[in-house]
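Let's look at how two copies of a chain sit against each other. The questions below go through it step by step.

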There are 4 protein chains.
Amino acid sequence: MSRPAWLGDAKAVAALTFDVDAETPVLAADPRYAHHPMVMSHQSYGPDVGVPRILDVLDEFDVPATFFIPGWVAAQRPGLAASIVERGHEVAQHTHAHRAPTSMTPDEERADFERAVAVFAEQDIPVRGYRAAMWGASALTPDLVAEHGLRYDSSLMGDDRPYALATARGPIAELPVHWSLDDWEQYAFLPEPDIGRVIESPRKVAEMWRAELDGMRHFGCLFTLCCHPFLSGRPGRLMALRGLIQYALDCGDVRFTRCDELAEAVLADPGITPRPLPPPPVYP
Amino acid sequence: MSRPAWLGDAKAVAALTFDVDAETPVLAADPRYAHHPMVMSHQSYGPDVGVPRILDVLDEFDVPATFFIPGWVAAQRPGLAASIVERGHEVAQHTHAHRAPTSMTPDEERADFERAVAVFAEQDIPVRGYRAAMWGASALTPDLVAEHGLRYDSSLMGDDRPYALATARGPIAELPVHWSLDDWEQYAFLPEPDIGRVIESPRKVAEMWRAELDGMRHFGCLFTLCCHPFLSGRPGRLMALRGLIQYALDCGDVRFTRCDELAEAVLADPGITPRPLPPPPVYP
Amino acid sequence: MSRPAWLGDAKAVAALTFDVDAETPVLAADPRYAHHPMVMSHQSYGPDVGVPRILDVLDEFDVPATFFIPGWVAAQRPGLAASIVERGHEVAQHTHAHRAPTSMTPDEERADFERAVAVFAEQDIPVRGYRAAMWGASALTPDLVAEHGLRYDSSLMGDDRPYALATARGPIAELPVHWSLDDWEQYAFLPEPDIGRVIESPRKVAEMWRAELDGMRHFGCLFTLCCHPFLSGRPGRLMALRGLIQYALDCGDVRFTRCDELAEAVLADPGITPRPLPPPPVYP
Amino acid sequence: MSRPAWLGDAKAVAALTFDVDAETPVLAADPRYAHHPMVMSHQSYGPDVGVPRILDVLDEFDVPATFFIPGWVAAQRPGLAASIVERGHEVAQHTHAHRAPTSMTPDEERADFERAVAVFAEQDIPVRGYRAAMWGASALTPDLVAEHGLRYDSSLMGDDRPYALATARGPIAELPVHWSLDDWEQYAFLPEPDIGRVIESPRKVAEMWRAELDGMRHFGCLFTLCCHPFLSGRPGRLMALRGLIQYALDCGDVRFTRCDELAEAVLADPGITPRPLPPPPVYP
């Protein structure tokens, strides 16, 4: 098999992605948490403290990244998306209210999607990609993404290499994610709402991610790392992420990319045939 | 005590087993997950990406393995079982729909069992062994296994050495498993359905399994490793499994075996007296 | 940006805090646990065995600390708060009955707060700060703190550097906490009531906290460590905490502080503008 | 303070204890698990495979231990208790049916207690101590223990040094336990019944226990290790326990003891004043 275009002459490609959820995950769980100052402050740390610090670290290594932002978050903090784009990074859509499409009706999903589109349009933020909240894309999601002119989704797990999805409006790229490359499962802790119950050491997390990167260099994969500024923006965790970036750069065979650039390479590759979303299986 | 025949001149015997569950565990939890593309893609990764990669690693070391496949999975992917057999490995039955026998009536269990038998017969896949979904064998299971001419079960935990089970149709071998030699408890994570909530580092997992292998070399045991391609097929985890196989080979005193060959050695050993399934105790 | 006054010439400031909860968390979960001797003894270990041992370790290194005590605990053990103050440490309020303010009506919160004030007043224990049980401060909490002449709260997570909160009665300092610098998530285990389900190794915990301290030295932060004597008073854990203190001292650029002294530095800093508690957001 | 008699010239005292629960914890959760062969086999591994292997390891180092056995388990396996006593170890009572006394009425607790007494009497097994199932001693438990002529309980956590409990029938010794020195929290895994959800590496467990032993050598404590043969009898875990015993012996300042001998030393020490069980506190 010849090397796929998206891989180029690298052994693995790394897409650093940050989901700037802010208060949305806890408010989606229950809006009454708006009245819990500690919970709100736990979440606001992400855009207020974590994002600027993460931008500085990215500058330090001059590596690009993609920030997935719910429309609601961008609307609440009008300068946030622009502050990211100005630093050379990509902003992409992460639903409006951080509700999983699978938990919405098609009409609700469309309304939520378009509400986010409107927010970013009003702020003149170019958006070329989408990630479903909770990675809970519905059967409608790829069509919505294509219909609005976006070029990729990043919510599915059917491979660890990018692929293309056929939609009613033509192909989009799929940049797959995985639970094991997400910081939420490692770091998130809140008793109410219960967003997680274990706090791992950054050393364990960095070691595990490095092992995955090394495996991906062996097999030629896409390392889609998904971090949350309210989690990975904490000092010790950010230093561990910094060490991981340094390690990847030292490897000399890992290419960092923004998701939009990667999506274009996938869509331009004649060797990649768009796959339809598999139909729901009949069981048993 | 003289050395049992199944151990031969090895210090421990290793049976690498892979449960190719694909979509069945989540569909058994709730068929509505058929409509959740991310969940489906999380599971399809196993047969589509994980299995070919695992087969390559087994080739690399030239070690045999046994793949337990639900009948439904084999029927959905007609070439899957054959692609495994062609590489010299064993395919065994893992129920039809990945429902635990203890959750079914005897009639349901029989129907499910025979549905899987029919799938493999139609595909000309020879099947000599069985593993219950969730390891949830019922009191009927050993009889069903023997009645259909299979030679072993691999679902119980009463020992860490193979033994023989008396059934109404003569003895079968029991190749015991254990939670601590399963990758599910270490790696499985999905919030809905909740299949697990902790993601461990491959380094921890490989270290733990190596410690168990070393202990088993000390005590003369059967190392039945149970991995799932949708979990252990991920790059970093597969590299850790690769390291474990390399370690076992380097020991020089660990024999790798397919389950069917091991079962024959157990059943041929006159020193092993078949035990009945212990009757349900009266408590308290 | 010039160095903030609270940081002085240090790279990070460390506030060792101990929440002497004793029986209150389990009794707040359900008063019937008063009749479970093991559960009661699990909690009484904190003030009875843990606190004296912790005081000895603090003496050994001559570092100051702040002990947050529920009023009920101070009333049950009349000499406890005084024994801490006599050793040069600070005692602060931790509600009366260890119920989260967010779980109480405003009247209940006020009554609980003032009951604790009365206990410490009767024991002539000067109190200058407050921490909400479960860090569950309400929108009323900062006002209550200021109204009673206290100088700081330590329950929120909006930053990892101290800040000032505007209240109806003037500013108070906020000394932020975080789940990752709390020993509860690492060590607490009880099935009934379920206060936690994982017991981590002190080595992992100390490593994680040291990584956070190192990150905080990089970014110039406040290391607010929150330990519970019934957890961190255990021998192996206390030795790990001892090692962490030794490490921080060896760094040469970490200043240990009592919370009250730090609060004064924050309130005296003209560069710090009091922020109002953010209003509950309208979602979505 | 002079050295307490029970400590002698050692820096710490180690009591290795094994709770031979066999099938009782799962049957106490729900008797229907009697019909789940895998669950039954998971538990029977303890007395059938784990205990003989543990006895061999204890022989290897010539260290004594105490085995707490539910009366029901001793009755089901008539030779079990005797096989332990014959090797020089102590057998003590662990309720009859492994139900926590706090979950029973006083009459039920007494009946359960006396049923176990009768089993051991019939088997001529001398019993001098007691441990409540789930460590769930009731306010009645110490009286029951003393009334039946037993010398100690080992279920509470009010200290990490032995103490004496005043009862209506005179003092008994209390040999305290703790969750962090129990193998259940580290190793137990079963989805149904849910007895635990995390499987730790023996390396982590041994490291944590060694850290606690080292801390206890520093502070002069009782290291009451509580292991379960169905968990710690597994090869890799037993090798880790073996390494811990070796480490303790190498320390040269740790004395191993049976619980009954330790209890006598405590009761004979005039410096130890029996404490009443603390009365249930009035809260808030």
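Q: Which residue of chain D comes closest to the rotation axis?
A: In this predicted model, that residue is Val198(D), whose C-alpha lies 5.5 Å from the axis.

Q: What makes the relation of chain D to chain B that of a four-fold axis?
A: Chain D superposes on chain B by a rotation of 90° with 0.0 Å of shift along the axis, at an RMSD of 0.0 Å. That is why the relation is called that of a four-fold axis. The copies use different surfaces, with 5% of the contact residues of chain D recurring in chain B.

Q: How many residues of chain D are in contact with chain B?
A: There are 38 residues of chain D in contact with 38 residues of chain B. The area buried between chain D and chain B is about 3,200 Å², and carbon and sulfur atoms give 62% of that. On the chain D side, Met38(D), Ile199(D) and Arg234(D) lose the most area to chain B, together 20% of what that side buries.

Q: Why is the pair Arg197(D) and Asp194(B) called a salt bridge?
A: The closest N and O atoms of Arg197(D) and Asp194(B) are 3.7 Å apart. The cut-off is 4 Å, so the pair counts as a salt bridge. The count between chain D and chain B is 4 salt bridges.

Q: Which element gives the largest share of the side of chain D that touches chain B?
A: That is α2(D), with 9 residues. By class, this side of chain D has 19 nonpolar, 10 polar and 9 charged residues.

Technical notes. Residues are numbered from 1 along each chain as its sequence is written. Chains are lettered from A and ligands numbered from 1 in the order in which they are written. This is a predicted model: local features need pLDDT of at least 70, side-chain atom pairs count only at pLDDT 80 or more; totals for chains, interfaces and linings use all residues. Side-chain values use heavy atoms; hydrogens and water are left out. Copies are superposed by least squares on the C-alpha atoms of residues with pLDDT of at least 70 in both. Contact means heavy atoms within 4.5 Å. Buried area is the accessible area (1.4 Å probe) that two parts lose on being put together, summed over both. A salt bridge is a side-chain nitrogen of Lys or Arg within 4 Å of a carboxyl oxygen of Asp or Glu. Helices (H or I, at least four residues) and strands (E, at least two) are DSSP runs, numbered from the N terminus. Ala, Val, Leu, Ile, Met, Phe, Trp, Tyr, Cys and Pro count as nonpolar, Asp, Glu, Lys and Arg as charged, and the others, Gly among them, as polar.
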